[in-house]
Amino acid sequence: MNFDDYQREGQAAYARLAETIARILDVVLRNIPDIRVQQIQSRAKSVKSLRTKLHDRGAAEGDDVEVVVKDLAGCRIVCYTNADVARLVSSRIISDNFEVDWDRTKFHYPPSEPTSTSLFISYNYVLKLKEKRVALPEYSEHRDMWCEVQVQTTLDHAWSEMAHDTIYKRLPGGFGSTLMKDVEERMARIMEKYFRPAGFDFQKVANDVEKLRRGRTLYEADPIRVLNECQDNNERYDSLQEFKEHVLPYYDDIGGVAPVVRDCMASVAIAARSASVVPTQYGFDGYTRDDILELALEVIDRLRFTHEGAIEATFDTLLELWSGADVPAETDRIVQSARRLAENNLSAWQQVGPAVQQIVVDKVQQLSADHIESVRPLLIALLDEVLKFEVGGTTWNFDSVTIHRGAVRASDALQEIRRTALDVLRNFFRSSEDDEVRRMIKHAFNDATRPPSAPRVDADLIKMLLGDAISIVSFYREIAGRLSLELLQSIEHDLFWLYRHRGRSRGEFQDSPSIVDLHDQLAQEIIAFRDQINADRRFVIYKTLVGFESVFPPMWDGEMNIEQKDDYRKKRISEHVDEITAENAAEWFDIIIRCAQTRSNDGATFPSFMNFLEELAREKPDLVLKLIKNIDADLARFLPFLLRGLEIGGRLDDIASLANAWLDEKKYLQQIAIYCSMSPSFDAGLLERAISVAMAAGDSVAIIWAMEAAARQDSSPNELVERVFLPSLRYLASKGDTRWVGAIWPFARKSAVFSSLSGAGVEEVLTSLVPELKLAHEAEWVLAVIAGEWPVRVIDYFIDRLRLANSNDAPKEYDPVPFSLSELKDPLANFAADMVQKLRDWYDEDARLFQYRGAQLLKAVFPSFSPLEASLLSIVAEGERKSLEFVLDVLRVFDGQKVLQPICREIVAALQPDDELLKEVEIVLDSTGIVHGQFGFVEAYLSKKAEIEEWLSDPREPVRVFAERHMRNLDRQIAADQRRSMEEHELRKREYEDLAETRDATAPAEDADGH
């Protein structure tokens, strides 16, 4: 429609169009309560304003008015807040009800450093009525007529109206430019100083009112009753979450309701224990008792200082919850809350000093002996926190977290609290025979002797610490005769380091005679303890043979590195072996059996003991054979080292006799397999027989050790493969057991067994690994060894995993492709084309979730993408639609890297301008991966826009057209993300400013020393 046509027909029609669209929008928005709209205005351009606009834009005679001017008709939706605008824009109301011209649609939001001419804030959509509507007679006159719909807040609307009549309409050149510049700058200041901050403040008000509205609905429904009446843990979790977020923070008298709330939390957590896990309505795993306990304790933690008696009530509630806690996850979480109750909290110390710790210690003392016995670990954790010297707290700002650390203040009250706490722990120690409990108390004693990390510490605090340390060491001397060898070893280790570092604060207080004297007293007590326990020959032998915390005499006089410590130990071991005779064998057998009774999951505990047993068997085989004949279950764990020592000592016949007898009795199958892996001469026949017996006995662990024994060997590979390795593999595969991977992976690269596997053997290995739920590093290592000779078959292995994942046989937790790979990159580096082609074939078979599986595999193996480019370009050249879909699915996982652009260009050139796949190309190009900073996405999209500008010089028109359109899309995305990021930033600032004001009004200021 040119200007003459518009003048003749258009103005009234466009006015009716604007009114029609305003009416449609009004009806739609009235049915959506979440979006609050103040008003919807409609308007049409006047002939006069249109002439001006055409002239300003250089329109030529006969130009189509709608091409030059997009807002012949217009509507403005005025929302109350930024959140209302965001909800409307993200709701698809406009795109669902109208055809949108995205090429002319524009989002306005000022950049990080706005100018006076870039402060207009609005979402401006160019749209027309959909075909279904204009097919109706009453709308037919509006066919193909376009309208601009602007979405703004109330404040942006006010500024826009003012700006439209002031700075928007330019004065003629040569007149009033100085004053006009002042007007523009003032308008910019008005927006920056008043309107934009007011918009964020309005949003904060609206958010707070919404919180109260939601909370009031829950409050009026009696949330305590609702929580107590929940029928399952899913319902409990949802109700607890709602209560914690929308009711608890807004009680006017939190102290008054705290007792009822605390009791409710305890009853809900206890009720959750007996409830079964019920799947959610969406089919996901339901919430567990641990989930309920976590939320309940978060609420209880919040209430611990809210009213008089709150600390005592919290203490009692934690004990109540402990009484029924029967799983580690639950007891650990309760201990976490107990520590939080008793910790030296900075805010609490500022207000009441050590009063919290006094209450905790008093509550512990009031418990009966029977009650103490049932909750002892919890009480130890509480007292452990009481005895720490550090005080801490955390403060938040809208963009930072500050962690405060310092030292508590020494006082007579604190000294008395610590004395009482230490007395209680000493009584616990005396009354317990459980080494685990005693270790917990030992840890608390260590905390009581650990100086705070504060830069300045009071001399009185150091005196208190040293006095407590002396009393603790004195207690250890008193109780030493009743302690296990393991615990004595650990205590000596702790006291050794206390001795070594006892002078670390003396530099600061070297002129204080009282502190120097206390240091010397502590050293004397530690030396006395050392001499006392090392007078026990059994203890000295024990710490030589067992453990990694052993302290040897040379260490007290100076440094002793790992090598020196090992040499010392080896020398002592040889001396002990030499002193064992037939006359003292019984005594030594008792010591050996006692050492074997030690329980540990740490691999550093037994190497010296194993070396001792091997050397003893080598040097005194007759004595060891007597020991083996009467071996118990504890010492039997170490049989492989005894057998290896006998072999080195030339007693192979005795070993054969013992092993065959054990196999006849189906005994010590695992130990025999381990011995075979360590044996210098390696008996394949013995290992084969052990496997046969283990299969009959159903001992999978023994079979796994046998596979490791085979993998360790570098001779007779064919015999081992066929007689040991593959039979074991088949047995374990029949059980769905893939634990063998964890046993053999360290040896796979140098193993003769792996290097001699035939194609059929490789097939068996890979097939057995297909059911592996997750491809851990150990399995990848094995695959990498195979891929060195059979790379294409390893690629097929991953196709098999994809096939299983897409079947109904896959477990829910089955993960066919790891997120990243390390060992497979090199052996598959030259097989990108093979992998691409095989995955392309798989894509035809089943493309479901390919982007998250097959494409992810390509990225895991070829993270740089470059090796894939040639193969993917050749697939694009085919021009077949499914091939293009395949390539786009692959490209989507590479986070929009610039290296993807050549392929994207070729895809764009191969498609029609209106092809839906072009949207997929945009998704590929716009992907960012991880971004950083407040405006991370804005910066990323600006960079992408600069990159896509290069496309404008492409000789192919489809590529240029796509680039122009995509750049406009990026402009909209940049504006939208700029607005979102700014709003999040400003609202977060206001949230934390409110919290800071609350803290400032209620918390005492720090004293001069920063405590």
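Which element gives the largest share of the lining of the largest cavity? Select H8: 5 residues of that lining come from this helix. Before going further, a word on what you're looking at. This is a predicted model, where local features need pLDDT of at least 70 and side-chain atom pairs count only at pLDDT 80 or more, while totals for chains, interfaces and linings use all residues. Residues are numbered from 1 along each chain as its sequence is written, and side-chain values use heavy atoms, with hydrogens and water left out.

**Stop one: the whole chain**

Zoom out. You'll find 48 helices and 8 strands in the protein chain (DSSP runs numbered from the N terminus: helices are H or I with at least four residues, strands E with at least two). The radius of gyration is 39 Å, well over the 30 Å from the globule rule for 1011 residues, so the chain is more spread out than a compact globule (the radius is taken over C-alpha atoms, and the rule is 2.2 Å times the number of residues to the power 0.38). Those C-alpha atoms fill a box of roughly 125 × 80 × 60 Å along the principal axes. Buried residues make up 49% of the 1011 (buried means under 20% relative accessible area, with a 1.4 Å probe and protein chains only).

**Stop two: the largest cavity**

Now back inside. There are 3 cavities of 30 Å³ or more (on a 1 Å grid over the protein atoms alone, a cavity is a set of points where a 1.4 Å probe fits but cannot get out, and lining residues have an atom within 4 Å of a point). The largest holds about 120 Å³ of space. Select Asn82, Thr153, Asp156, Arg196 and Gly199: of the 15 lining residues, these are the closest to its centre. Then colour helix H7 (154–164) and helix H8 (177–220), the elements that give two or more residues to the lining. By type, the lining has 7 nonpolar, 5 polar and 3 charged residues.

**Stop three: the cysteines**

Cys75 is buried at 2% relative accessible area, and Cys79 is buried at 0%. Across the structure, the disulfide count is 0.

Conventions
On a 1 Å grid over the protein atoms alone, a cavity is a set of points where a 1.4 Å probe fits but cannot get out, and a pocket is an open set with protein on both sides within 12 Å along at least five of seven lines; lining residues have an atom within 4 Å of a point. Grid points are joined across faces, edges and corners, and a volume is the space filled by probe spheres set on the points. Ala, Val, Leu, Ile, Met, Phe, Trp, Tyr, Cys and Pro count as nonpolar, Asp, Glu, Lys and Arg as charged, and the others, Gly among them, as polar. A disulfide is a pair of cysteine sulfur atoms within 2.5 Å. Buried means under 20% relative accessible area, exposed over 50%, partly exposed in between (1.4 Å probe, protein chains only).
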